[in-house]
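Visitor: I am new to this structure and would be grateful for a guided explanation. Please tell me what each term rests on as we proceed.

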Amino acid sequence: MGGRCYSKLVACLKKTRLLAAAAGGAATIYSSSPVAATSSDENPQTLKTRLCIIGSGPAAHTAAIYAARAYLHPILFEGSAAPGGQLTTTTSVHNFPGFPDGIPGPDLVDRFRTQSLSFGTQIITDTVASVDLSASPFKISSRSLSVHADSLIIATGATARRLHFPGSELFWNRGISACAVCDGASPIFRNRPLAVVGGGDSAMEEAIFLTRYGSRVYVVHRRDALRASKMMQSRAMADPKIEMVWNSEVVEAYGDEVLGGLKLRNVVSGEVSELEVSGLFFGVGHDPATEFLGGQLELDSDGYVVTRPGSTETSVRGVFAAGDVQDKKYRQAITAAGSGCMAALDAEHYLQELGVQEKKSD
Ligand code: NDP
């Protein structure tokens, strides 16, 4: 699409967004076609669709784009607190193909959203409170809206856990990050000492990855033994650039414009010491957003949705999962987008098998 056409489309969609919001109500519905409906607490309503998608990151929007182009007329719940997911807190994305100069995370999400809308996805700005997967059509309910859907894609993502101590908010995105793969190549980390907090596989991966850029990588762990798999432990321990800082927790981050160092407390002796670093990466785990499922889908021991290997099928037929909510290994925007595409294709095949006719849910 040419630049001019793109700007025109964005302007048109923004207009639709304003009209929908002006109509009032607890949930706002965005659509490139005339807004189908709005709702309020006083006037809850039910919408029907062949496919409902829950999420607002690359997995959800890629699924929406594919499904909308297949005329499945998807309805997407994007949440209400912070639509867009983890990318909205990423300053610049340099590893998503197609953007050789990088792109701010929020701009990338805006583009996903614009593309979803342009192909006919209806986007509801509201948070799903509960789902009923006991029978088809599945019921997806927010505070003021209920959607009955023949199929469902869960793409609610996972949140990287952050630690909180004096300076942790001040230096967030100015030296402190929760994703080495996303932010590690930034010039502020080149040939500088860096630190990773955590003792699991994520922390080991982050530390090993950061050895490409940092002059030294300290792994600060609160115990004297790692939780990471033996293989990851050996790889980290064998790396001459990695140094373990045992029995320690970060109690403060300091610096001027950007992070300059950390105060560490030894949890055994209580002694506080300083560690000069330009980067601090949290590797203390992720929390998948699966609570609203109320135990109706099979989850693994860490709370991630279990999908059949090589597909996005979950334990309930007709329900699919994509992105970080089912992936604790790769966790990248591009892998999330890829699995979103898979989920849309899986849903399309499921609906074909089901013999759902074009008009059934209209
Ligand atoms: P984990 O829960 O395994 O590890 C989290 C680490 O953070 C633990 O070492 C924990 O310490 C530490 N931690 C937690 N909270 C705090 C805190 N408040 N202060 C300081 N430290 C804290 O999470 P991961 O993300 O590492 O892994 C999750 C799952 O994903 C695992 O099953 C893992 O194997 C898998 N995974 C696999 C990968 C791969 O195959 N390549 C890559 C990444 C993850 P403590 O040990 O003391 O509890």
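Guide: Accessible areas come from the Shrake-Rupley method with a 1.4 Å probe, and for residues only the protein chains shown count as cover. On that basis the chain has an accessible surface of about 17200 Å², and carbon and sulfur atoms hold 52% of this. The model is a predicted one, in which local features need pLDDT of at least 70 and side-chain atom pairs count only at pLDDT 80 or more, while totals for chains, interfaces and linings use all residues. Residues are numbered from 1 along each chain as its sequence is written, and side-chain values use heavy atoms, with hydrogens and water left out.

Visitor: How do you know what confidence the predictor has in the chain?

Guide: The pLDDT is the predictor's confidence in each residue, on a scale from 0 to 100. Its mean over the chain is 88, and 87% of the residues reach 70 or more. Residues 34-42, however, stay under 50, and so do residues 357-362.

Visitor: How many helices and strands does the chain have?

Guide: Helices (H or I, at least four residues) and strands (E, at least two) are DSSP runs, numbered from the N terminus. By that rule the chain has seven helices and 18 strands.

Visitor: Why is His73 called partly exposed?

Guide: Buried means under 20% relative accessible area and exposed means over 50%, with partly exposed in between (1.4 Å probe, protein chains only). The relative accessible area of His73 is 38%, so His73 is partly exposed. Asn173, at 31%, is therefore partly exposed as well. Of the 362 residues in the chain, 50% are buried.

Visitor: What makes the phi of His73 worth a remark?

Guide: Most residues other than glycine have a negative phi, and most peptide bonds are trans. His73, in the loop between helix H2 (58-69) and strand E3, has a positive phi near 45° and is not a glycine. Asn173, in the loop between strand E8 (158-160) and strand E9 (176-177), has a positive phi of about 70°. A cis peptide bond, with omega about 0°, joins Ser136 and Pro137, and Pro137 lies in the loop between E5 and E6.

Visitor: What makes a set of residues a nonpolar core?

Guide: The set must consist of buried Ala, Val, Leu, Ile, Met, Phe, Trp, Tyr and Cys residues joined through side-chain atoms within 4.5 Å. The largest such core has 26 residues, and Ile54 and Ile154 are among those that touch the most other members. Strands E2 (45-54) and E7 (145-154) are among the elements that give two or more residues to this core. Its largest share, five residues, comes from E7. A second, separate core has 22 residues, including Leu76 and Leu351.

Visitor: Which residues is Ile154 in contact with?

Guide: Contact means heavy atoms within 4.5 Å. Beyond its neighbours within four places in sequence, Ile154 is in contact with residues including Ile54, Phe292 and Val319.
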